[in-house]
Amino acid sequence: MAVKDPTAVERANLLNMAKLSIKGLIESALSFGRTLDSDYPPLQQFFVVMEHCLKHGLKVRKSFLSYNKTIWGPLELVEKLYPEAEEIAASVRDLPGLKTPLGRARAWLRLALMQKKMADYLRCLIIQRDLLSEFYEYHALMMEEEGAVIVGLLVGLNVIDANLCVKGEDLDSQVGVIDFSMYLKSDDDIGGKERNVQIAAILDQKNYVEELNRQLNSTVNSLHARVDSLEKSNTKLIEELAIAKNNIIKLQEENHQLRSENTLILMKTQHHLEVTKVDVEAELQTYKHSRQGLDEMYNEARRQLREESQLRQDMENELMVQVSMKHEIELAMKLLEKDIHEKQDTLIGLRQQLDEVKAINMEMYQKLQVTEDAMKEKNEIISRLEDKTNQINATMKQLEQRLQQAEKAQMEAENEDEKLQEEYVNKSERLQNEFSQKEKQLLQLETDLKIEKEWRQTLEDDLQKEKETISQLRIETQEIINLKKEFLKLQEKNKQLKRICQDQEAALQELASKLSESKLKIEDIKEANKALQGQVWLKDKEATHCKLCEKEFSLSKRKHHCRNCGEIFCNACSDNELPLPSSPKPVRVCDSCHAILIQSVGA
């Protein structure tokens, strides 16, 4: 026989107990009426079983005084994972009678059951296995699959309504002992289960009938309300129909009155038309005569307006040309100023370079003088060395002569005494030593002479380079002088351009004054043209009497409109005449505003 894991056996037993407690709680709640309180035994056993399930595999935490093993830690973690759990966590902390973490955990379980969210809260907790590992061992029920099964079973508790009083209950000192007698089966229990099933079916039928009656009552009330609204709308429609009939009768009476009035007005208008027809014919003849003079005036004014507009167009074109020329001149001035500034900067740089070159020339001149002095000294030394070499050559010749004389003496004194020969040998050795020393001195002098010649050659090369740099600097100074002359020429050109610009600005000012005068003239002509075209006269029917003499107009008393003030005068009152150069006949003038009067067509 294989030995089973004791922790697996514990998890299986706790899972079976959770199944029994949840099943018994749901069945008893259905038979009891679905609303439970805190004294209900199956509900108390359910909380005890849940407490044992949450305690399984819980890690022991060291506290200051003793070891602590409580389920409040993982339950307190739910509010961080599920924001809606913050409310019950805060209310549990605020309860005054709770002193231990176990009491807070029991209160939390009761509040979660009342909210019907215990399954949601625990599901969020078992998903976060890495956070649960801080509170539970790896073999705990909440860390294995049994925890997920229990969370699934807790979803069925959402059909139960629980009304639990947590505030006055002593949750800290309760002893969590599972009562197994509630889950043992017997014959009475089997019969009781059948009765519970029948009672549950009857309760379901009762609830269905009550819900149906509630729906029927709501439909009846809505139908009553619709009937009342229809009755009210019917009475309103009847009243509106009576009012409409009365309005129709009144409108028919008004229609008869308007028809009779219309016939009277038609007869009057026909008579008035016959009278006015004769007046219109006479006025038409007079209008034709006055229209000829007005057409001539209008053509003359139009011709002048065309000429003035053409003149204005020409002036505007000239102004545009002058403005473009001014912009070009300003651009050229800016470019000249820019070139002048650049050349001034180059002149300043060249002056600095010239000063530097002068300083370099002075240094080179001083070095040249020093080198010339050194050359003089070295020439003197060379001349001295040449004198020495000549002296050495002379001594060499003398030595050779002496050597020859000594050889002759040796040939002659071969027969002399051996003592004299030894002395002579010693003397010849001395002379040879002196000769070797002189040759060494000559070689040293020759090497010194070569070094002096090389030094002199390098000095001559440096002198040649200095002469070349001096010639380059002279060329640059000549270029600077040429640039200075060009700068003076550019300054003269700038002055000439400034004079031209001032003359053009004066010409532009004169053109602007002339344009403003022509613009004012054009505006005056436009106002005169508007006065000719846009006059609004009074209607002939409205003007029946003269403004001055207040006599009624007729064929002999013609209407004359003032185009400025809009007044209407008769031909007797408007006898002021004014001759115009554009019109062959004199024109009648208004007495009040002295504007031209125009004869009306109507009588």
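Predicted model: local features only at pLDDT ≥ 70, side-chain atom pairs only at ≥ 80, totals over all residues.
Visitor: Let's start with the aromatics; how many aromatic pairs does the structure hold?
Guide: The structure holds 3 aromatic pairs. In one of them, Tyr 82 and Tyr 121 have ring centres 5.3 Å apart and ring planes at 70°, so this pair is edge-to-face.

Visitor: Where do Tyr 82 and Tyr 121 sit in the chain?
Guide: Tyr 82 is in the loop between helix 4 (78-81) and helix 5 (86-94), while Tyr 121 is in helix 7 (residues 118-127), and the pair links distant parts of the chain, 39 residues apart.

Visitor: And are those two buried or exposed?
Guide: Both Tyr 82 and Tyr 121 are buried. For Tyr 121 the relative accessible area is 0%.

Visitor: What about Trp 108 and Tyr 121, how are their planes arranged?
Guide: Trp 108 and Tyr 121 form a tilted aromatic pair, with 5.7 Å from centre to centre and 45° between the planes. Trp 108 belongs to helix 6 (residues 101-115) and Tyr 121 to helix 7, so this pair ties together parts that are 13 residues apart in sequence. Trp 108 is buried as well, with a relative accessible area of 1%, and ring pairs link Tyr 82, Trp 108 and Tyr 121 into a cluster.

Visitor: Which residues of helix 7 are buried?
Guide: The buried residues in helix 7 are Met 118, Ala 119, Tyr 121, Leu 122, Cys 124, Leu 125 and Ile 126. That makes 7 of its 10 residues, and helix 7 is accordingly described as mostly covered.

Visitor: Switching to charges, how many salt bridges does a search of the whole structure find?
Guide: The search finds 11 salt bridges. One of them joins Glu 146 to Arg 11, with the closest N and O atoms 3.5 Å apart. Glu 146 lies in helix 9 (residues 145-154) and Arg 11 in helix 1 (residues 6-32), so the pair ties together parts that are 135 residues apart in sequence.

Visitor: Why do Glu 146 and Arg 11 count as buried?
Guide: Buried means under 20% relative accessible area; Glu 146 counts as buried because its relative accessibility is 18%, and Arg 11 does so because its value is 10%.

Visitor: What about Glu 316 and Arg 312, how far apart are they in helix 10?
Guide: They are 4 residues apart in helix 10, which means that about one helical turn separates them. Glu 316 is partly exposed at 30% relative accessible area, and Arg 312 is partly exposed at 27%.

Visitor: And Glu 460 with Arg 456?
Guide: The side chains of Glu 460 and Arg 456 meet in a salt bridge at 3.9 Å, N to O, and these residues are 4 apart in helix 11, about one helical turn. Glu 460 is partly exposed at 40% relative accessibility, as is Arg 456 at 37%. Elsewhere, salt bridges that share partners join Glu 51, Lys 55 and Arg 106 into one network.

Visitor: Now the surface; which residues form the positive patch?
Guide: Lys 343, Lys 485, Lys 489 and Lys 493 form a positive surface patch. Helix 11 (residues 418-533) supplies the largest share, 3 residues. Lys 493 is found in helix 11 and counts as exposed at 51% relative accessibility.

Visitor: Which residues form the nonpolar patch?
Guide: Tyr 208, Val 209, Leu 212 and Leu 216 form a nonpolar surface patch, and together they have about 390 Å² of accessible area. Val 209 lies in helix 10 (residues 187-412) and is partly exposed, with a relative accessible area of 43%.

How values were computed
Residues numbered from 1 in each chain as written. Heavy atoms only, no water. Patch = residues over 30% accessible without salt bridge, like charges linked within 9 Å, V, L, I, M, F, W, Y side chains within 5 Å. Areas by Shrake-Rupley, 256 points an atom, 1.4 Å probe, with all protein chains shown as cover. Salt bridge = Lys/Arg side-chain N within 4 Å of Asp/Glu carboxyl O. Lys, Arg positive; Asp, Glu negative; His and termini not counted. Charge placed at Lys NZ, Arg CZ, Asp CG, Glu CD. Helix = DSSP H or I, 4+ residues; strand = E, 2+ residues; numbered from the N terminus. Buried < 20%, exposed > 50% of the residue type's maximum accessible area, 1.4 Å probe, protein only. Phe/Tyr/Trp six-rings, centres within 6.5 Å; stacked < 30°, edge-to-face > 60°.
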